[in-house]
Amino acid sequence: MPDPQNWISLISPELHAEVNPLGAQLSVLRDRSGHDLLWNGDPSVWNGRAPILFPIVGALADGKYRVAGKAYQLSRHGFARGKVFEVVASTPSTALFRLRSDESTLPDYPFQFELDVRFGVDGAKLSVASSVRNIGAQNLVASFGYHPAFCWPLPYGRERAAHFIEFATDEPAPIRRLGPAGLLASDARPTPVSDRRLRLEDSLFQNDAVIFDQVRSRSVTYGAADGPRIQVAYPDSPYLGIWTKPGAHFICVEPWHGIADPEGFSGEFTAKPGVFTVAPGGVRSIEMLITLLTQDR
């Protein structure tokens, strides 16, 4: 298992990032002053930092899904976060990681794939460009998600209660929540967003993530009103989850192309909400951009 000595460092004048080949997981993100922007993965609270979610997002009904009538099992969020990716290439500011299907993945996920995750830093922006390539002879079906956990509060002296998430546009649509089994509850709830802002408080997360399944915005900013903020842009993801463990010092901003099974779902994998299909030889690309916004910018 790769340790921090094997993490790949990326540097720009404004950012320092480190990526763990285990899961191709962004594991360190610091500003030019050395302030940590990303959660430290404390295993006594939550050992994630920014896991890659593939080939599913969320939980499956009874932990199973069906392809051509045959049942397969996958744990929540899939297996990519537990696999060591190959470091294909790296420069001082970029790195490309790759995971390919093999004898360990095919029994649980019967599709041949090549998953590339490319990280790059440029000034105050970190880009994460992921692509799912179908290297098999049948259509590939998958979901994909990002799961970065940012420090809450950010390291700029503002109180935790002063932090919020601001959407790029109005978000009047109702939200969704998860039921006790981690599946998508059938009832929609009124949105907690007011004047484009989601005020962050622990009570929001007593029942797991806040899920925007009709999100209009293609970016959000996170922080306090009078300090530096983090912008997360997700041009290719139709869902957005916001999550923490109540009382924890992180907040996850999660762009997804996929979602947990609805309660009672028993259909084929191709009918699962949020999945995409890639034809043989085809590629599906999904990008996330993280930018540190400061008042002098």
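This is a predicted model: local features need pLDDT of at least 70, side-chain atom pairs count only at pLDDT 80 or more; totals for chains, interfaces and linings use all residues.

Biologist: How many disulfides does the count come to, then?

Modeller: The count comes to zero disulfides. A pair of cysteine sulfur atoms would have to be within 2.5 Å to qualify. Cys252 is in no disulfide, since the nearest cysteine sulfur, that of Cys151, is 11 Å away.

Biologist: Is Cys151 buried or exposed? And Cys252, buried or exposed?

Modeller: Cys151 is buried, with a relative accessible area of 14%. Cys252 is buried as well, at 0%.

Biologist: Let us turn to the core. How many residues does the largest nonpolar core have, and which have the most contacts inside it?

Modeller: The largest nonpolar core has 73 residues, and those with the most contacts inside it are Phe54, Tyr109, Leu115, Phe119, Ile165 and Ile242. Strand 9, residues 113-122, gives the most to this core, with five residues. There is also a second, separate core of 17 residues, which includes Phe250, Cys252, Ile259 and Ala260.

Biologist: What does Ile242 touch, leaving out residues up to four places away in sequence?

Modeller: Leaving those out, Ile242 touches Ile165, Leu198, Leu200, Phe205, Ala209, Val210, Phe212, Ile251, Cys252 and Val253.

Biologist: Now the second largest pocket. What is its volume, roughly?

Modeller: The volume of the second largest pocket is about 240 Å³. It is lined by 17 residues, of which Arg76, His77, His147, Asp208 and Trp243 are the closest to its centre.

Biologist: How many nonpolar, polar and charged residues are in that lining?

Modeller: The lining of the second largest pocket has nine nonpolar, four polar and four charged residues.

Biologist: Where does His77 lie, and what does it touch?

Modeller: His77 lies in the loop between strand 6 (70-73) and strand 7 (86-90). Not counting residues up to four places away in sequence, His77 touches Leu53, Phe54, Ile56, Val57, Gly58 and His147. His77 is buried, with a relative accessible area of 8%.

Biologist: What about Ser75: buried or exposed?

Modeller: Ser75 is exposed, with a relative accessible area of 51%. Ser75 lies in the loop between strand 6 and strand 7. From C-alpha to C-alpha, Ser75 and Asp108 are 9.8 Å apart in space, and they are 33 residues apart in sequence.

Key: Residues are numbered from 1 along each chain as its sequence is written. Side-chain values use heavy atoms; hydrogens and water are left out. On a 1 Å grid over the protein atoms alone, a cavity is a set of points where a 1.4 Å probe fits but cannot get out, and a pocket is an open set with protein on both sides within 12 Å along at least five of seven lines; lining residues have an atom within 4 Å of a point. Grid points are joined across faces, edges and corners, and a volume is the space filled by probe spheres set on the points. Ala, Val, Leu, Ile, Met, Phe, Trp, Tyr, Cys and Pro count as nonpolar, Asp, Glu, Lys and Arg as charged, and the others, Gly among them, as polar. A nonpolar core is a set of buried Ala, Val, Leu, Ile, Met, Phe, Trp, Tyr and Cys residues joined through side-chain atoms within 4.5 Å. Buried means under 20% relative accessible area, exposed over 50%, partly exposed in between (1.4 Å probe, protein chains only). Helices (H or I, at least four residues) and strands (E, at least two) are DSSP runs, numbered from the N terminus. Contact means heavy atoms within 4.5 Å.
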